[in-house]
Amino acid sequence: MSELFIINISIAILFLPLLGFAVVILFGKRFPKLYLFEVGIITINLLLSIYVMVVKFSSYINDALVYGFTWIDFGNVPLLGPLNIELGVKIDNVTVIMFFVVNLISMLVHVFSLEYMRGDKRFNRYFAYLGIFTFSMLGIVISHNLLMIYIFWELVGLSSYLLIGFWYEKKSASDAGKKAFIVNRIGDIGFFLGILILFTSYHTLTLDSIFAQIAAGNLPFDSAAWLTATGILIFLGAVGKSAQFPLHVWLPDAMEGPTPVSALIHAATMVAAGVYLVSRIFVMLTADAMLVIAVVGAFTSFMAATIALTQNDIKKVLAYSTVSQLGYMVMSLGVGAYAFALFHLVTHAFFKACLFLGSGSVIHAMHHEQDMRQMGGLRKKMPITYAAFLISTLAISGVPLTSGFLSKDGILAGSLAFGSLTGHWLIPILGFVVALMTAFYMFRLVIMTFHGEPKNQHKFDHAHESPFVMAMPLVILSVLSIFIWYTPLPHSPDAGWFLSSWVKTPHTVVPAELSYDFMISETPVVEDQYSEHAVVHSEKYTEAMHHAHYPAMFLSVFLGGLGILLAFTMYQWKKIDPDKLSNKLSWLYKFSLNKWYLDELYDATFVNPTIYLSKALAWFDNTIVDGIVNGAATVTKFFSAISGWFDTYIVDGFVNATAFFSGFVGIAFRKLQTGKVQTYIVLVVFSVLALIFIISPF
Amino acid sequence: MDLNGLYESIALIKPEIVISLTLLAIVLFDLILSNSKKLLPFIAATGLAVTLVIQIIELSTTGYAFSPQNATLFYGMLSVDSFGAFFKVIILVSSLLIVYFSAVTDEIKQSFDRLGEYYTLIFGMILGMMFMTSAIDLILIYLSIELLSLSSYVLAGFTKIRQRNNEASLKYIIYGAVSSGMMLFGISLIYGMAGSTNLVELNNFIQSGSINLVTFSIALILIFAGFGFKISVAPFHFWTPDVYEGAPISITAFLSVASKAAGFAVLIRFIRVGFVSYVDSDGFWRLSEVFDWQALLVIISILTMTLGNFSALWQDNLKRMLAYSSIAHAGYMLLGLAVLSNQGAFAILVYFSFYLIMNIGAFFVVMLIANKLGSENIDDYNGLGLKSPFLGVALGLFLVSLTGLPPTAGFIGKLYLFIALVDAKMIIVAVIALLNTVVSLYYYIRVLKKMYLSNPTEDTPEIKTSAMNTIFILILAVPTLVFGLYFAPVVDFAKMCISFFGV
Amino acid sequence: MEVGLSHFLVVSTALFSLGIYGVVTRKNAVMVLMGIELILNAANINFIAFSRYGNFGLNGQAIALFVIVLAAAEAAIALAIVLNIYKTYNHVNVDEIEDLKE
Amino acid sequence: MNGFPILTLLTFIPILGMIAVLVIPKDKANLAKYIALIATGIQVVLAIVLLSNFNYNAGGIFEQSSFQFIEKFRWIHIKGLSWIGTVKIDYFMGVDGISVPMVLLTAIISFIATLSSWKINKSVKGYFAMFLLLDTGMMGVFVSLDFFLFYVFWELMLLPMYFLIGIWGGPRKEYAAIKFFIYTLFGSVFMLLVMIGLYFSAHETLADGSQVFTFNMLALMDAANYTADGILSPFNPENLRFIAYIALFVGFAIKIPMFPFHTWLPDAHVEAPTPISVILAGVLLKMGTYGILRISYPMFPEITRELMWFIALFGMINIIYGALCALAQKDFKKLIAYSSISHMGYVMLGMASLSTTGINGAVLQMFNHGTITAMLFLIVGVIYDRAHTRGLNDFGGLATQMPVYTGFVTVAFFAAIGLPGLSGWVSEALVFVGSFGVEVIRTLAIISTLGILLGAGYMLWTLQRVFLGNLNEKWKDLKDIDGREYAMLIPLTLIILFLGIYPSALLDVMNTSVNSLVHFLSTNVTNFSISGL
Amino acid sequence: MELYDIIFYLFAAITLLSAFIVVTSKNIVHSAFNLLFTFFGVTGIYVLLGADFIAVVQLLVYIGGILILLLFGVMLTNRITSVDIRTGTVHIIPAVIGIGILWGALTAIIAFKTNWIVKPADSMEPTTVGLGNLLLTDYVLVFELLGILLLIALIGAASIARREFEELKD
């Protein structure tokens, strides 16, 4: 297979879903069954992406396949020389893995939706939207260029908007869509500013070219601070898309969308795009930027976990758990555990998609009931769903033998190593606390939903196991949450192909003095920008990781177990009454239940002031600006009160640039025109006198 | 003054003589064939046409006419030159138009019996104006102004059936008499100082001798009051709106164009011949430092245009509005004089050429509408443009041109004016004038608004224009548009006419 | 003090001012016309006085002559107009004839 | 294409149409629509012919040799005297990369506006006559290379616009029309003054070697042509170039419209009939920015450089202020009007950068804003035709009732928001790239990015209020769009999509000229600031 | 004080006093008669200035023509029998102020502050011949124009004064 062929196939994979979207959206009205076309396309896509992955790993495992073209050519720009904007694709190992993950989950969600969305009046459009989402997501993955990433970045935002607000008749749904888009935009502005800095400094947006220039010691605006700022600004994009604090508020609301959408977009793929983006620019992050990322990730993950503890909506719990897990990944990148972040991204994609689809299955069975307090005992009615759900829950809780155990352990080890190397111990501490809480709330969820007695007998009676097309994706995804797919040794992720040969930490390009010393490898870098870099962690970091591995593993297993135990104690065995506990810790409980009051805070500090400001400005515009420009229309109005006649004049359409002036002058002049000829002559006499006194050279 | 000189002088005033003869012909015709009054307009038009032809043939003739016996210099009562000829052409053309105008006006038709007197008086006006354009002796200036004034006093009140005509007449004569009295008093002072009323001698006197500047200024301001009355600039304009509104519309139109033209001609000549010591190579007039003409003119013109425009804003009577508009235009044109350069005077010529067609056009359409409507009130114009499209478009065109928007002739007039101002670096003044233009848009556009933006009411007439009237309007409207796009002929003509005989 | 030019000028300026005063203050139109005649007379005194004292020849007198004739013509027309006003309004109070105004 | 007077045809075909419209008998007034359609259709064809024959490598801007399709005839030539110079005004037309997109835009928007005028039934003849006259004025502005000609065209469209708003507009049409008129005239009188000032400050050398004052824009751009004592000559130590620049700028700024001269725009838009709003937003606003690029920049490069921060500042204010005001609107059309203000701010910001990317972005944004806002106004028109209300809160759930319509709305809205893949984004991004790249205005560019956010805010909120949610029972009978509306919306949609994906199609047209302009601005500053400033 | 001076002061006094009464008297007839004295005084001043012909013309035209005309005017516009022929005044205050200043300024400047050209006067001679010559030579144009002016005035005045029954009937 030639490289070009692989690239072409990849590009085909990219555009096929767009074709699906276009066909379905344009002709969907005429052909009600057209959604099958989209499902077919996504299936082909999955097969193609598997094919690409196989070829890539078999033939080009150490090479990145790159293709670029000039999108906009500015020619020979004065004072600057040739300038152009390129677009391009880069297919490396991470790309093909992501291709596979995205297409797989997308396909499963398509299939799941066939049943879940049955009977919806905009069935075709739903699939079209899934198509454009898949297209955009694949676009992010394949881009070799920050601008192109940004393009697709926004497009996933659009598809997310469309899908969250799919049931737009519900105000909450359209609100959520709007919120998602706008909150994401805040992050995107940061991302965009980052791009601007890079383009201004390097006149290119192709990642490898940028890295090469940084490596050559060429910093943005010749300043280390700007390099840090660039990293943080681009990270801001990820903060939005991956729902990191403080921009995470949209994700829970996004659960207004159909549940399969939540599984695909708001759990497995799109939200991971932020992590993916940070991983793409990982090599240009300075120590300061990394610290910021680590702190944000750790804090997000902690905050989301605390909120998840008390939520009652099944999807909300999962949403916060997603935020929390994304925080993990971000933290992982921040502490330098690059490969584990991506690893967790993949494992999390599978088990979280499974969890969401599972919850979808439950919700479907319960006739769109989402409140866990209305559920219970479903494991008898829905054994397959239960089984799949349980496996995934174990995975997310980090129980050994699951994929989650492997990736989470690596992240925790990385953070521990980071703590030991830099002294920032808070980050690993938060990480471990989150591990405890994750296990707790996930099992709280499982117990409340599947165990115990049904709370709502009526709904319970009508509940039933989901049909095959819904169950099948659950099973596939839960199976993918088992360790065996990733490593032969359930306790050592490093032994797995994912980490040993597929994904390797690239070498930082940041000048040594700006980077953590443990990020600098003592082994020389291979100077081929398109090749996959060897593992470049310094020996120091590798060693620290190594040391941290077992303590982290034991600690996390212990904490996970503790969490599970606590959950069972409280909800299964009812040894501790959660209500009493919440009453006792009432303010903490409320703080968590109300999501740290962040929405309220944002409303009070940003949203409402903006609205008020806009209203004030509109008023200002109507009254003052218009007024001033119109020659003080207010004064004119005052005038008009004196004379009704004047008013009719104004109403008559005579407010004008000099209404006041002309009114005043006009009236003054008109007063002179009395109609009495003798008055005129008096005026002439006075005028002559005035002229004499003005002009004559006395 | 020997007889040869007299013959030569008479040869120089052929157009005036033809006008005088026509005047007599009208009087006689009216007396003898009093049943054929219908022919009077034709006689008048023929006389005017002949005069116009003669005038155009004589365009390049120059010379002094009626020199005094003891003149040490070669000067006279009249200075016949192309500058005067230009204004004579303006006057004659507008007179011709007014003759047709008068033939159509209902107001004049109603006074059919006195048509002879009407045309006699019109010719009295014309004669007065013709002499004004070339007079260089203050007493002749005074007398020709009086000739013009006396005729117009009567004409302003010509149709006696309407009360407002009488009132206009009375106000006009009282105001005019006082103004001319002031002017005369000023002339007497000048005479006392210079020992002569001749402008050329005045100029020599200014150049030569010591002079009491204060007295001189008072005299000039008093004289200016007379000119100001004639060209109706603030603060000597007060009669204008009342008289324009009260007078028959044909006379209003005539006053606003021809009489104003003559006033400008004489004022320009007064300053040009009496005060300019030399003209520099850039065409700027270097004045003797005896009187700050520029300050006076700038003050007056700014005051005039501001007053005219701002007062016009509030007018509901279209005639009255056009009166104020003509005041404002006088202000603009006075700016051209204030520049005190050939450029400026030239700009006035160009401006007048265009002002002539657009102003008479506007008045004519207003008259046609008033004939049908019986009113010049703007509130009766609701939707008129929609019901009578031709008149609406024509009036719209004239008003737009008066505003000075391209591509109409009015714009070119303004353009040349501003060119002169900028050339003289009078930027602030130009800005004020331009802002005034913006203000003027309101009231012109207000007519358009009424005509087009308001819906027609039941009272809105559908006015059919006769073929003749249509042609007449087209004669005025087409140049308004064409000269806006191709103005070279007019400008060339004006350029040819900017040479002054004498100093 | 010997009578000189300025004496005559005092008379003429006073007459001029009185004339304008008359025009401005009298209600009756005929009285207004009288004021105008005073103004013209003032100017005439000037012309003749200047011509006499400046020894400018007879020009001043000729001008005065013209002005007198002109004044007559003006008076004739003015009175005709006043009569007309009287016919229309039944009075000749100038200040009450003010239909034409803003 | 040699000798074929394509620019003249482009400009005056509508006038021919107007004459045709005027002579058709009253009872066949509907014919006017077809005449207008044919005239504007020919214009579109000619514009495409123009584009296809356009040489992308010729810079234009300041040298006649690199302008294309030049038509230069003596129009007015009045021989001078000793004290008055020869007056020479040329009928001088030509296009370069900056004008071609505008010509194209004018042709397309006019055509679409004609389609959208189909339902006009009040004085059809008058309407189309005015419309075509307006069209000529707009086209003329974009192809004129003689300042005088430019000014004539500039003023030519005032009156038709006044009538089009005033006669065929909404309830407060008279107010809006006069406001538009007065504002614009106010601006243009200053332009007139500057034009005359420039005229007296520069000589053009004629073929016979004589030197005459000139209105020739290209001659006015050459420092070498200026006289020693011209009032606006850089050689004159007491020149008034700074004041003139500001006066000229105000004249253009009113058209843009730039804060605080923008208040005519919401009124004009709200009251104007849909096609006129389309023209107004689509083409007329561009004249302001075009004028700045064509006249202010090359004729006053040194002051442009000095004031770039302020231009950017006002651009920023426009962006933020317009967006915030839009956020508070309850009237659909007013919202779009304010969004126009905001979007024109990007143009100003881009221009202010004086960089290739920024100005490219600005010109592209001019085109894109033209198409996008035109589409938005058409969209408002569609709904207003049906529901006779534009209150944002009167609607809801139209997406269910009119799905195809909503589809177009979504495209237009997201294009306005600046969604990548649609044309608006490309230009906005380039504007930011350009303005961010210049250190002086970097901060302003950064603040301006808030506009992206606010834009998303008001657009999505509008989308939500009007189209999402439950269907208001009142609107149960609204029909989805019909064939004519398809014909208006589809071309615009395609343009928006096409330029979003392949902006080079238009960027390549303008790029050489923009580079040339940037080069001119960067090198000629010294020539122009010999003394004085 | 010479006789000349005394006569001057006499005439000046007559002129100004009567003029003052003309413009201040409430009674129109008083005014008219005082105007007679004013004109007479002016005539005297003309004589003092050696303008014999003008003085005569002044008598003829002003007193014989204009004054009579004005008196006719007074009669025709007032019903003498029924109404008190008095006239009111307007604008007294502004007129007094404005014209006071004007008068003051004119007198001060023109009469006292200006150095007029004063040449030794020729002896007084009859001026009629000289004037006659002047009118038909230097001022022939003005003279002729004046003729036309009088014609116009005649026609104009007649035109106005003529009763137009047909017109008034409408």
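## Which chains meet

Chain C and chain D do not touch, with 25 Å between their nearest C-alpha atoms; two residues are in contact here if their C-beta atoms, placed from the backbone, lie within 7 Å. Likewise, no contact joins chain D and chain E, and their closest C-alpha atoms are 35 Å apart. This is a predicted model, where local features need pLDDT of at least 70 and side-chain atom pairs count only at pLDDT 80 or more, while totals for chains, interfaces and linings use all residues. Residues are numbered from 1 along each chain as its sequence is written, and chains are lettered from A and ligands numbered from 1 in the order in which they are written.

## Where chains C and E meet

Which chains share the most contacts? Of the 8 pairs of chains in contact, that place goes to chains C and E. Their contact takes 62 residues from chain C and 69 residues from chain E. On the chain E side, the elements giving two or more residues are α1 (3-24), α2 (28-48), α3 (52-76), α4 (92-113), α5 (128-136) and α6 (140-161). Helices (H or I, at least four residues) and strands (E, at least two) are DSSP runs, numbered from the N terminus.

The largest share of this side of chain E comes from α3(E), with 12 residues. Sorted by class, the side of chain E that touches chain C has 50 nonpolar, 16 polar and 3 charged residues. Here Ala, Val, Leu, Ile, Met, Phe, Trp, Tyr, Cys and Pro count as nonpolar, Asp, Glu, Lys and Arg as charged, and the others, Gly among them, as polar.

## A helix pair in chain A

Now to chain A, where helix α3 (residues 93-116) and helix α14 (residues 338-365) pack at an angle of about 0°, with their axes 11 Å apart. That makes α3(A) roughly parallel to α14(A), a label for angles under 35 degrees, while those over 145 count as roughly antiparallel, 65 to 115 as roughly perpendicular and the rest as oblique. The axes are lines fitted to C-alpha atoms, for helices over the stretch in contact, and angles run from 0 to 180 degrees between N-to-C directions.

From α3(A), residues including V94(A), I97(A) and F112(A) meet residues of α14(A), among them L342(A), V346(A) and H364(A). The residues of this contact divide into 11 nonpolar, 2 polar and no charged.

## Chain B: a helix and a loop

Helix α20 (residues 467-485) of chain B has 19 residues and reaches 26 Å from its first C-alpha to its last, close to the 27 Å expected at 1.5 Å a residue; the expected span is 1.5 Å times one less than the number of residues. Among the buried residues of α20(B) are F472(B), I473(B), L476(B) and F483(B). A residue is buried if 20 or more other C-beta atoms lie within 10 Å of its own, exposed if 12 or fewer, and partly exposed in between, with C-beta atoms placed from the backbone. The buried residues of α20(B) pack against several helices of chain B, including α4 (82-104) and α15 (342-373).

The loop between α10 (213-231) and α11 (239-246) of chain B holds P235(B), which a cis peptide bond with omega of about 0° joins to A234(B). S232(B) is found in the loop between α10 and α11 of chain B too. This residue has a positive phi of about 45° although it is not a glycine, and it counts as buried, with 28 C-beta neighbours inside 10 Å.

## Backbone details in chain D

In chain D, a cis peptide bond with omega of about -5° joins I256(D) and P257(D). P257(D) lies in the loop between α9 (241-255) and α10 (264-271).
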